[in-house]
Amino acid sequence: MKIKNNNKLIISKMKNQILALTVGFLSIASFAQKDELKAAEKAIKKGEFKEAKAALAGLEATEDSMDSKYKAKYYFLKGSAFGSSNAEKAAAAYNKLIAYEKEIGKQKYTKEAEPKLNELIQSVSKNAIKAYNEQDYKNATSDFYLTYKLSPKDTSFLYNAALSSSLAKDYDGALKYYKELQEIKYTGITTQYIAVNKETGEEEDLGTKANRDAMIKFGKYTNPSNKNTESKQAEIIKNIGYIYVNQGKPELAVEALEEARKSNPKDINLLLNQAQMYIELEKMDKFGELMKEAVELDPTNPTLFFNLGVVNAQENHIEEAIGFYEKAIELNPEYGDAYLNLGVTILNKRIEVINEMNENLSNEKKYTELEGELKVICKEALPYIVKADKLGRTEGTVSTLLNIYDTLEMTSEADALRPIYKEMRGQ
C-alpha cells in the first residue's frame with residue numbers, strides 16, 4: 001500500500017512539474033511576442049517599415065495561437081507595416097483585426113484601422129479607374145479585382161474586373177471573374193434617386209437620396225421618385241457566351257445560355273442574348289425561332305418584328321419579311337431602319353423581273369410588259385425609301401432613291417439629288 005502511495009506522490013509531482021514547464025514556455029512565448037510587437041511598433045513610428053515587417057514575420061507562425069491580449073495589436077501593426085506597399089496584405093490584416101475585435105466585443109484598434117482600410121480601398125480603386133480611362137485594361141483588371149478582395153461587399157468592382165479583362169482580351173481571366181459573379185449571385189441592381197430639374201424639365205439621377213432630398217428642399221428639383229436599374233445577370237451570361245465563341249467553343253456558349261433560360265424562361269433579355277448568339281454562329285433558323293418566341297413574350301416591341309423581317313428577308317421569304325417590317329412601323333412610326341428595309345425588300349422583287357427582261361431582249365412586247373412591272377415595284381417601294389431618307393439620310397438612302405428616280409424617269413427629282421450624292425461620296 002505504501003508503495004502505491006509513493007508512486008502517486010511521484011506522479012503528482014511530475015504533473016506539477018510538467019504544468020510548471022508548460023506555463024513557463026507560455027510565458028516565454030508571450031514575452032517574445034510582446035518584444036517583437038514593441039520592436040515593430042517602434043520601427044513603424046520611425047518609418048522603418050522594412051524592419052517592422054521583419055519583426056512581425058517571426059510572429060506569423062504563431063498567429064493563430066497568439067496570446068489574446070496581443071492579437072489585435074499584432075493585426076493592427078501588420079496592416080500599418082504593409083500599408084500601401086502591399087495593400088492586399090495590409091487590408092487582410094485590418095479585416096482580421098476588425099473581425100477579431102468585434103468577436104471579443106472591443107474596438108481598441110478598430111477605430112484607427114477602419115479609416116486606414118478605407119484609404120487603401122480608395123487608393124486602389126482610384127488606380128483602377130485611372131487605368132481603365134487610359135485604356136490600360138490589364139492593370140485596370142488587377143486593381144479592380146484587388147479592390148473587390150479588399151472590400152468584398154463592393155461587388156461592382158468584381159464586375160468591373162470582368163469587363164476590363166474582356167476588353168484586355170484576357171478571355172480566360174474574364175471567364176473566371178464572370179463565373180465568380182454568378183457564384184455570388186451578382187445582379188448589379190442599384191437604386192437611382194430621380195427628380196425633375198425645374199430649369200430643363202428633364203429627369204435626372206441625383207446620385208443619393210440625401211442629395212436628391214436636398215435639391216428638392218432648395219427648390220431646384222421636383223417630382224422625386226426611385227428607380228431600380230436592370231439586373232446584369234443576363235448580360236453576364238451573354239458575355240460568358242461571347243467568351244466561349246472567342247475561345248472557339250460555340251457549343252458551350254449555347255449551352256450556357258440555354259441553361260440560364262431554364263430558370264428564367266420568360267426573361268426577354270436572356271432570350272435575345274441567346275438569339276444574338278445564333279447570329280454569331282450563323283444559325284439564322286434558330287435565331288428566327290427565338291425571335292418568334294420573343295414576340296410572344298413582348299408583342300409590342302418593334303425591334304423584335306424588325307429582326308423577324310431581317311431573318312425572313314435573308315431566307316428570301318419576301319412577303320413574310322414585308323409583313324414584319326410593316327408591323328414594326330405600326331408599333332414605331334419613326335423607325336427609320338424599318339422603312340429602309342421594307343423599301344429594299346420590296347425592291348428585291350426586281351431581281352426576278354430583271355432576269356426575265358434579260359432573257360427577252362429580242363421580244364419587244366414582253367420586254368415592255370416586264371419594264372412596266374419593274375416600274376410598279378419601284379413605285380411601291382418609293383414612299384418607304386423617301387421616309388427612311390427623311391428620318392436619317394445616308395449615302396445608301398440617297399443612292400437607292402436615285403436608282404428609283406432614274407427607273408421611273410423622275411428627272412427633276414433625280415437632278416436635285418445627284419449633286420448631294422456626289423458630295424456625300426466626296427466627288
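In this predicted model, the axes of helix α3 (residues 68-82) and helix α4 (residues 87-104) come within 7 Å and cross at roughly 155 degrees, the axes being lines fitted to C-alpha atoms over the stretch in contact, with angles running from 0 to 180 degrees between N-to-C directions. That angle makes α3 roughly antiparallel to α4, a term used for angles over 145 degrees. Local features need pLDDT of at least 70 and side-chain atom pairs count only at pLDDT 80 or more, while totals for chains, interfaces and linings use all residues. Residues are numbered from 1 along each chain as its sequence is written, and side-chain values use heavy atoms, with hydrogens and water left out.

**Helices α3 and α4**
- The crossing of α3 and α4 is left-handed, meaning that the near helix is turned anticlockwise from the far one by less than a right angle.
- The contact (heavy atoms within 4.5 Å) involves residues including Tyr75, Phe76 and Phe82 of α3 and Tyr94, Leu97 and Tyr100 of α4.

**Helices α10 and α11**
- The axes of α10 (residues 233-246) and α11 (residues 250-263) come within 7 Å and cross at roughly 165 degrees, and the two helices are therefore roughly antiparallel to each other.
- This crossing of α10 and α11 is right-handed, with the near helix turned clockwise.
- Among the residues that meet are Ile237, Ile240 and Tyr244 in α10 and Leu252, Ala256 and Leu257 in α11.

**Arginine 212**
- Arginine 212, found in helix α9 (residues 209-217), counts as buried at 5% relative accessibility, the cut-off being under 20% relative accessible area with a 1.4 Å probe and protein chains only.
- Leaving aside residues up to four places away in sequence, arginine 212 touches Tyr193, Ile194, Ala195, Leu206, Pro224, Ser225 and Asn226.

Methods: Helices (H or I, at least four residues) and strands (E, at least two) are DSSP runs, numbered from the N terminus. Angles under 35 degrees count as roughly parallel, over 145 as roughly antiparallel, 65 to 115 as roughly perpendicular and the rest as oblique. Buried means under 20% relative accessible area, exposed over 50%, partly exposed in between (1.4 Å probe, protein chains only).
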